[in-house]
Amino acid sequence: MNKNLYALFASRFPKDKSAACMILADGRAWTYGDVERASGRMANLIVSLGLKPGDRVAAQVEKTAEALVLYLATIRAGMVFLPLNPAYQRSEIAYFLGDAKPGLFVCRTQSLAVGAELAKAAGVAHVLELSDAGTGSLIDAAAPFPDAFETAKRKRAELAAILYTSGTTGRSKGAMLTHGNLAANAKTLHAYWHFGRNDVLLHMLPIFHVHGLFVACHCVLMNGTAMYFETKFDPARALQLLPESTVFMGVPTYYVRLLQSSAFGAASCRRMRLFISGSAPLLQETFDEFQKRTGLTILERYGMTEGGMFTSNPYIGERRGGTVGLPLPGTEVRIVDDRNALLTHDEVGNIQVRGENVFVGYWQMPDKTREEFTSDGFFKTGDMGRMSRDGYISIIGRSKDLVITGGLNVYPKEIEELIDAMPGVLESAVIGVPHPDFGEAVTAVVVRKASVGAGETNAAKTTAQQGGRANDALLAVADGDAPSPSESDVIASLKQQLANFKIPKRVHFVSELPRNAMGKVQKNILRQTYGEN
Ligand code: AMP
């Protein structure tokens, strides 16, 4: 049987091809028939350019219906899709093109000159353009080709996509995902989250990332129903579309932003059956506030580029705040110490995963791949966590975030949770910075409620200067009445609750934490900023 992922989706498309697949911001709908025909034309074009199965198609484009069709056309033709964040700069693109050696690079109209130059230097034969409005030479070149295309035969173990990890240290690594990996996770999530005939997903995530491209779009394509396909997250627009939707997927920042709107509440969610959060930790405060406001409980799940989703809170049963739920069917999750010995309940250790969804390795990095898998085939996620007696998993942080001070391990999350619970504190990030005596010194960076929007150091500015992508969200409205704890207040409060070695040596205040496009706090930037002080 053909294991091409597109063939799986096509088998799930509705019989009535005039049914909507994507509904755009201007109200235009792309039907399933449109998607089939447009992906057919584009697949014919890609083959005509001389690309062979297994060749890469790189795309650094805005989120449009045509961009999603390009993804589908690529896998349908048997090529390997390589999505790139539009925020990447010249040197980053040069690296990805040089490393992945795609046969075709599709870029935005405004990047065409640079794209063509970088492609030439990397030996990429073809460059086409897709504008932010979904037009351009890619569409023009595909137009004369027939709509019909026989989906290429692919085996489960053959590659469908390479996604470069956002790696905070060293070279960004290309995670190789097969048709079998993606199909396994798509089937699991579609069933686990109870997708059904009446579902309409509100899609506001970017599609260069596992969350928006695979988790969200695959659930819809497996379901053969419609999604509102919006270019970006916008709380006001979400408020308009939520009453017409049944499922929403977002990063925690989206939920914080929704809650900032007094218009958001049970009425906005009258048709909604499921809110899913992931890609970064959801604060307990957000989880509780959301429940209070809407009567609905956010379902938090956990996963990564290297394998899609690994765990999820249950659809039916207890969704426990502060946890990422239970291992998904088909994925084994275990917590081990540094020698790979299994830990018992509630002990903090390294999270490892195994399953059909887990990727097959890093592109052209066989040594790195070997290092990241155990001899019995588990992938070392680099995340640290613990499992409760009844199987719920909590993420404590990345192992790279672990602070070792005077030879003792400090888990930032433990301290962050205590600081976050202090009156007047919105959120915090705890890092280790080099220290002459202790090796590393525990350092806290805190956002006070009263200071949001005020003139305090904006750590996110540093992100922008470094070419990163700061989240443009302000995390809360200024609250003039909130208490405003000082450095000594924070330290005094922690001293009552924690062993001395865990107490931050310094507490810095900022108006916003630097975050990447997926809402993750960029601790590497904080380490750079405060490491020199
Ligand atoms: P990415 O590959 O960009 O999706 O990043 C994956 C990483 O995001 C994981 O290894 C975790 O560190 C983090 N992550 C994803 N989901 C969650 C979650 N629900 N809670 C905490 N961290 C998460």
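Q: In which sense do strand 1 and strand 10 (residues 226-229) pair, parallel or antiparallel?
A: Strand 1 and strand 10 pair in the parallel sense, over two bridges. Strands here are DSSP runs of E with at least two residues, helices are runs of H or I with at least four, and both are numbered from the N terminus. Two strands pair if DSSP finds at least two bridges between them.

Q: And what are we looking at, experiment or prediction?
A: This is a predicted model, where local features need pLDDT of at least 70, side-chain atom pairs count only at pLDDT 80 or more, and totals for chains, interfaces and linings use all residues. Residues are numbered from 1 along each chain as its sequence is written, and side-chain values use heavy atoms, with hydrogens and water left out.

Q: OK, back to strand 10. Which residue there is the bridge partner of I23?
A: Y228 is the partner of I23 in strand 10.

Q: What about strand 1 (residues 20-23) and strand 2, how do they pair?
A: Strand 1 and strand 2 are antiparallel, with three bridges. M22 has W30 in strand 2 as its bridge partner. The hairpin they form has five residues between the strands, and G27 in that hairpin takes a positive phi near 95°.

Q: Switching to the ligand. How many residues surround the ligand?
A: There are 16, and the closest are E300, R301, T305, D383 and K520. A residue is near a molecule or strand if one of its heavy atoms lies within 4 Å of it.

Q: Which strand gives the most to that shell?
A: Strand 13 (residues 299-304) does, with five residues.

Q: Which residue has a polar side-chain atom 2.6 Å from an oxygen atom of the ligand?
A: That's D383. E300 has a polar side-chain atom 2.9 Å from a ligand nitrogen, and S279 puts a backbone N or O atom 3.1 Å from a nitrogen atom of the ligand. A polar contact is a pair of N or O atoms within 3.5 Å; within protein, one must be able to donate a hydrogen and the other to accept it, and residues adjacent in sequence count only if both atoms are side-chain atoms.

Q: How much of the ligand does the protein bury?
A: The protein buries 91% of the 490 Å² that the ligand exposes when taken alone. Accessible areas come from the Shrake-Rupley method with a 1.4 Å probe; for residues, only the protein chains shown count as cover.

Q: Where does S279 lie?
A: S279 is in the loop between strand 12 and helix 11 (284-294). S279 has a positive phi of about 85° although it is not a glycine.

Q: Why is S279 called buried?
A: Because its relative accessible area is 16%. Buried means under 20% relative accessible area, exposed means over 50%, and partly exposed is in between (1.4 Å probe, protein chains only).

Q: What's the phi of H194?
A: Phi of H194 is near 60°, another non-glycine case with a positive value. Most residues other than glycine have a negative phi. H194 is in the loop between helix 7 (179-192) and strand 9 (200-203), and at 39% relative accessible area H194 is partly exposed.

Q: Last one: where is R515 found?
A: R515 is in the loop between strand 25 (506-510) and helix 16 (523-531). R515 counts as buried because its relative accessibility is 10%, and its side chain reaches the backbone oxygen of G519 at 2.9 Å.
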